[in-house]
Amino acid sequence: QELQAAGVRVPETISIVGFDDIFGADFTSPPLTTVRSPVHECGVRATGRLLEELAGAYKVATAALPVETELILRGSS
C-alpha cells in the first residue's frame, strides 16, 4: 500500500516476496508472492535436536536442519 501511494508500480518497478505464506498474503493488492515453509515440521525437528543436545547426544552448532520450501508465485513478482 505504501509503494502504491508513492506511485511505485508493483511488480513492474519493484518485486516483493514474503516468507511463510502468512494468512492474507493472497488478499493484498497485488497478491503477495511468498515462500511457504513447513512451520510445524521445523518446530518438531528443532525440538528433537534441542532435546538431543540437552542429552549430550548431538552438537547443534554443526548440524543443519534442511526443509523443503515452496515458492508461491502471485502478482507481486
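Visitor: Which residues does Leu32 touch, not counting residues up to four places away in sequence?

Guide: A contact means heavy atoms within 4.5 Å. Leu32 touches Ile16, Val17, Gly18, Ala25, Ile72, Arg74 and Ser76 by that rule. This is a predicted model, where local features need pLDDT of at least 70 and side-chain atom pairs count only at pLDDT 80 or more, while totals for chains, interfaces and linings use all residues. Residues are numbered from 1 along each chain as its sequence is written, and side-chain values use heavy atoms, leaving out hydrogens and water.

Visitor: Where is Leu32 found?

Guide: Helices (H or I, at least four residues) and strands (E, at least two) are DSSP runs, numbered from the N terminus. Leu32 sits in the loop between β1 (17-19) and β2 (33-36). From Leu32 to Asp21 is 11 residues in sequence and 8.5 Å in space, C-alpha to C-alpha.

Visitor: Is Asp21 buried or exposed?

Guide: Buried means under 20% relative accessible area, exposed over 50%, and partly exposed in between (1.4 Å probe, protein chains only). Asp21 counts as buried because its relative accessibility is 18%. Asp20 has 34%, so Asp20 counts as partly exposed. Asp20 is in the loop between β1 and β2, and Asp21 is found in that loop too.

Visitor: What is the phi of Asp20, and what is the phi of Asp21?

Guide: Asp20 is not a glycine, yet its phi is positive, near 85 degrees. Asp21, also not a glycine, has a positive phi of about 45 degrees.

Visitor: Why does the span of helix α2 agree with expectation?

Guide: The expected span is 1.5 Å times one less than the number of residues. Helix α2 (residues 39-54) has 16 residues, so it should span 22 Å, and its end C-alpha atoms are 22 Å apart. Just after α2, Gly56 has a positive phi of about 80 degrees.
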